[in-house]
Amino acid sequence: MTETTTGTTGGRGTGLAPNIASLLCYICAPISSILLMLLEKENKDVQFHAWQATAFGLGYIAIVVALEIVSAILGAIVSFIGVVVGLLVPMVGLIALIIWIVALVKAYQGERWKIPYIGDIAEKKAGL
């Protein structure tokens, strides 16, 4: 699940060190990751982290919005079920926070750590 990166040495597109550019992908994903995806064309490791952070950020937003909608609908029908589904949102947030911190640390260390399922997609998109 962890792989040490051996991409190009300089971030010519951004002018940043690859580990810093990779870390920045996760800081405000998916906004920062899309920006770095567009700027960094040569370093495959930064591209990987940009794709992974974009998929992770968009996936998190989609899951939270879907849970909120389901919670509101079920809450209108049976309030107890709506509350139970609504309690899933903070649990998803906690899991996402843990994954986000691990991804930040691994990116800074120069490792290509793959988030399950998302990492495989990111590898394909980055051309690895």
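Me: Hi! Which helix gives the most to the nonpolar patch?
Reply: Hi there! This is a predicted model, and in it α3 gives the most, with seven residues.

Me: Where is Ile81 found, and how does its accessibility count?
Reply: Ile81 is found in helix α4. Its relative accessibility is 39%, so Ile81 counts as partly exposed.

Me: Switching to the inside: which residues of the largest nonpolar core touch the most other members?
Reply: Those are Cys25, Tyr26, Phe56 and Ile115, out of 16 residues in that core. Helices α1 (18–27), α2 (31–39), α3 and α5 (88–108) each supply at least two residues of this core.

Me: What is Phe56 in contact with, leaving aside neighbours within four places in sequence?
Reply: Phe56 is in contact with Ala96, Ile99, Trp100, Ile115 and Ile118. One of those, Ile115, is also among the core residues that touch the most other members.

Me: One last thing: is Ser22 buried or exposed?
Reply: Ser22, which lies in helix α1, has a relative accessible area of 4%, so Ser22 is buried.

Me: What does Ser22 touch, not counting residues up to four places away in sequence?
Reply: Ser22 touches Asp45, Val46, His49 and Ala107.

Notes:
Residues numbered from 1 in each chain as written. Predicted model: local features only at pLDDT ≥ 70, side-chain atom pairs only at ≥ 80, totals over all residues. Heavy atoms only, no water. Helix = DSSP H or I, 4+ residues; strand = E, 2+ residues; numbered from the N terminus. Buried < 20%, exposed > 50% of the residue type's maximum accessible area, 1.4 Å probe, protein only. Core = buried A, V, L, I, M, F, W, Y, C linked by side-chain atoms within 4.5 Å. Contact = heavy atoms within 4.5 Å.
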